[in-house]
Amino acid sequence: MDTSRTDSEGDGGDAVADGDRERRTTTAPDTDDRFAVPLRGVAVDHETRCAHWNSAVDVVALRFGCCGTYYPCDACHDAATDHTAEPWPRDRFDEPAVLCGRCRARLSVRAYLDTDDACPRCGVAFNPGCRAHADRYFDI
Ligand SMILES: [Zn+2]
Ligand SMILES: [Zn+2]
Ligand SMILES: [Zn+2]
């Protein structure tokens, strides 16, 4: 019955190699225990950068209307699920739907869209380019 230790994944121990922080790929039905909210994606780092968007300012994750789960981007959503992504609905813009990967603040869509491309809590810069495709994430 002593099967509680299940750390048989890979080997090489817990080396923190190359100065790279830990990255994980998480697909359904698992979520990522580093985050307090349901969050999935491809090669997600501790500030929610992903395989697709990983510059210094790519530190937000967005919640999708279809499944209520946070993803760093829509490509992560499509990699982790088998359904069509739906943007966060307009009538729920006052609910938390944007996660700051730096301080883990959860922002409403309204609050996020009102920022000057920086987190209102910790001040980390958000990618201003995200506004160009905000309609993928929000029903605006
Ligand atoms: Zn979904
Ligand atoms: Zn991604
Ligand atoms: Zn923040």
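Arg104 counts as partly exposed because it has 17 C-beta neighbours inside 10 Å; a residue is buried if 20 or more other C-beta atoms lie within 10 Å of its own, exposed if 12 or fewer, and partly exposed in between, with C-beta atoms placed from the backbone. Arg104 lies in the loop between β5 (96-100) and β6. Its phi is positive, near 70 degrees, and the residue is not a glycine. Most residues other than glycine have a negative phi.

The model is predicted: local features need pLDDT of at least 70 and side-chain atom pairs count only at pLDDT 80 or more, while totals for chains, interfaces and linings use all residues. Residues are numbered from 1 along each chain as its sequence is written, and chains are lettered from A and ligands numbered from 1 in the order in which they are written.

Thr48, also not a glycine, has a positive phi of about 70 degrees. This residue sits in the loop between β2 (41-44) and β3. Thr48 counts as buried because 28 C-beta neighbours fall inside 10 Å. Across the protein, buried residues make up 27% of the 140 residues.

The protein has two helices and six strands, where helices (H or I, at least four residues) and strands (E, at least two) are DSSP runs numbered from the N terminus. Along the sequence the pattern is β-β-β-β-α-β-β-α.

Four strands form an open sheet in the order β4-β3-β5-β6, with antiparallel pairing; strands pair if DSSP finds at least two bridges between them. β4 (70-71) and β6 (106-108) stand at the edges with a single partner strand each, so one side of each lacks a neighbour in the sheet. β3 (residues 60-63) pairs with β4 over two bridges, in the antiparallel sense. Leu62 stands opposite Tyr71 in β4.
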